[in-house]
Amino acid sequence: MNPLLLAIKQKLIVFEKLLAAVCLLLLLLLSLSQVIMRNLFELGFAELDTLTRHLVLFVTFMGAALISEGNKHIKIDCVTATISERSKQKLKRPLYFISALVCSVFSWYAVVFWLDEKNYAPASEQFALYLALILPAGFIILSLHFLLLSLIRDDSTQYTDTDDSLIDTLAKQSELPSGSGQQQ
Amino acid sequence: MILLLFIVVLLALLGLPLFIALAAGGLYASYATELNPSILIIELYRLANQPNLMTIPLFTLAGMTMAAGGSPQRLIKLFNALLGWMPGGLAMAAIVACAFFTAFTGASGVTIIALGGLLYPLFMQSNYPERFSLGLLTSSGSLGLLFPPSLAILLYGIVSGTNIDELFLAGIVPGIILLVLLSLYSYKSARHWHKPAHPFSWSVLASAVRESLWDIFLPILVIVGIFGGFVTISEAAAVTAAYALFVEAVVYREIKLLDDLPKILIDTAKLVGSILIILGVAMGLTNILIDTQLPSRLLAFTDSFIHSPLEFLLALNLFLLIIGAMMDIFSAIVVVVPLIMPLAHRYQIDPVHLGIIFLANLEIGYMTPPVGINLFIASQRFGKSILTLFRSAMPFLGIMLIWLLMISYIPALTLWWK
């Protein structure tokens, strides 16, 4: 266990959560203001449309990074049903490392793409260009998150996020009476 | 290179996140076709040009807010007051409440988690057999998938380029038929063993309606808003999310903005991120596959043994049931839809009809092993084995298969409005 890596991961999670929450709230507020302006005042701002569409990308990348924690990404892991819990645990860190590697390659091509865009984008698209920085930044954050997960010995015991997720809270709210949930 | 592809597939089966497997597949495909891998990023960036994409996070936010704000309890109370007095009434109440709730939460498992835990003890108290109760609750996690503003319909519309308004309209009748079929089965089964827990009471119903009035108004707002032509889908999404927040925070006071809102926003972002990141990376891969004429080759292959739209629909149902049993619904939409769209066009299947068939198959796939997500969530929630739950869900699965055949071969059920 490396305390420094854990501390970095904790800071990264805080940053991802903050950015995800702020961007989603901003998306809601801007979309709502667009509805009001369009329908009541017949006004519309192209820049706001551009911003809201890019905010979806911000939310996507931050959400994807956050869900890496606890290994909760959507998978098609049919084979894991047939292997032991111990083998599953052994597989986790190499899979995280491969994920970090693939995201790093995507980060590289996202940087290349962004630099190309920067060279050729007309003046009218400069705003969108800077918002498009989320592509390289998003993949870099994903790579870093997966890399930290692969380097920290057991993410399930070192998970530093103390907040219950909404799903956990809902499950607690509608807790089944004791005795009704025994494995058969 | 083929070995590399085999390794990626193997790693995916061993638990590599699907979006990473698709990203690796995209890199492989770009190298194999000598295309610059930057094309994968260009395709991903196309997401920012999709005007309807913002509906996904906003409708999800609305669903998450309702879930956190006690909407499940109010809905169960309402539908139990309305239907609970007749044989199988509690089951019918569960079916309608789950469908209502799933339409807003996108069949993401929240329904079984939020409603299942509340309904299961009620079933036990009302002497419903355990097997029936488990089967119903396992199946009900995806019942509202065809009702607006279902996340799956939104995603299908975005990926296939089909009009989302038309998909919403087309899903209503098939969705209602499924609820009726399952309710009839519940009524018939419950006549032998269920004594209604309470007689019908106008005063109880009126009290439940008063309590959940703001919840009931939400789907009305969406349907009237969109089909009445008052708002676009993206506007409806923003209004719905704002309405849900207002109702839960101000009217019911179930949500504290400072304490609960951040948690709701983060959970919404996680759900949205897990789906849209797959869409983003898969867009590049599918585009390369289309460039390599894969759909044309598939077309040539199917032409050799499929000669009519009827045969095509039958083969499609079989194929999608297998896909539904192997893949999560959102991944299946992203990966499979671009490949089957040209085939459906060749056999003159209406894209809206195709969408409803596609989603209905995957709805059934939710409760089919090996990766039917309802089975896994119900297994965790009720502490039963996957096999027990699958066996319990068999009668419901049978009804859903009959329903699937109905909507596949009677296009009028989905296209009545055309």
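Chain A has seven helices and zero strands, where helices (H or I, at least four residues) and strands (E, at least two) are DSSP runs numbered from the N terminus. The structure is a predicted model, in which local features need pLDDT of at least 70 and side-chain atom pairs count only at pLDDT 80 or more, while totals for chains, interfaces and linings use all residues. Residues are numbered from 1 along each chain as its sequence is written, chains are lettered from A and ligands numbered from 1 in the order in which they are written, and side-chain values use heavy atoms, with hydrogens and water left out.

Along the sequence, chain A reads α-α-α-α-α-α-α. Of its 184 residues, 47% are buried; buried means under 20% relative accessible area, exposed means over 50%, and partly exposed lies in between (1.4 Å probe, protein chains only). Among the contacts in chain A with a separation of 6 or more, 80% are between residues 24 or more positions apart, a contact being heavy atoms within 4.5 Å.

Aromatic pairs were counted next. Rings of Phe, Tyr and Trp (its six-membered ring) pair if their centres lie within 6.5 Å, and planes under 30 degrees apart count as stacked, over 60 as edge-to-face and the rest as tilted. Over all chains the count comes to 21 aromatic pairs. One of them is the tilted pair of Phe106(A) and Phe139(A), with 5.2 Å from centre to centre and 50 degrees between the planes. Phe106(A) belongs to helix α3 (residues 85-120) of chain A and Phe139(A) to helix α5 (residues 134-151) of chain A, so the pair ties together parts that are 33 residues apart in sequence. Phe106(A) is buried at 3% relative accessibility, and Phe139(A) is buried at 1%. In chain B, ring pairs link Phe123(B), Tyr128(B), Phe132(B), Tyr185(B) and Phe396(B) into a cluster.

The interface between the two chains involves 78 residues of chain B, in contact with 67 residues of chain A. The size of an interface is often given as the accessible area lost when the parts come together. Here the area buried between chain B and chain A is about 6,600 Å², and carbon and sulfur atoms give 76% of that area; buried area is the accessible area (1.4 Å probe) that two parts lose on being put together, summed over both. On the chain B side, Leu14(B), Ile41(B) and Tyr45(B) lose the most area to chain A, together 10% of what that side buries.

One salt bridge is counted between chain B and chain A, the term standing for a side-chain nitrogen of Lys or Arg within 4 Å of a carboxyl oxygen of Asp or Glu. The side chains of Glu235(B) and Arg38(A) form this bridge, at 3.3 Å from N to O. The largest share of the side of chain B that touches chain A, 16 residues, comes from α13(B).

Within chain B, helix α9 (residues 151-160) has nine of its ten residues buried, so this helix is largely enclosed by the rest of the structure. The cover over the buried residues of α9(B) includes α4, α10 (164-193), α12, α13, α16 (329-346) and α17 (351-365) of chain B. Just after α9(B), Gly161(B) takes a positive phi of about 75 degrees.

Ser30(B) lies in helix α2 of chain B and is buried, at 0% relative accessibility. A polar atom of the Ser30(B) side chain lies 2.8 Å from the backbone oxygen of Leu27(B). Apart from neighbours within four places in sequence, Ser30(B) is in contact with Leu35(B), Pro37(B), Leu40(B) and Ile288(B).

Over all chains, nine salt bridges are found. Glu130(B) and Lys384(B) form one, with the closest N and O atoms 3.1 Å apart. This pair links distant parts of the chain, 254 residues apart: Glu130(B) is in helix α8 (residues 130-139) of chain B and Lys384(B) in the loop between α18 and α19 (386-409) of chain B. Glu130(B) is partly exposed, at 31% relative accessible area, whereas Lys384(B) is buried, at 5%. Another salt bridge joins the side chains of Lys418(B) and Asp350(B), at 2.7 Å from N to O. Lys418(B) is exposed, with a relative accessible area of 57%, and Asp350(B) is buried, with 18%. Salt bridges that share partners also join Arg38(A), Asp49(A) and Glu235(B) into one network.

Note on methods. Polar contact = N/O pair within 3.5 Å; in protein donor to acceptor, adjacent residues only side chain to side chain.
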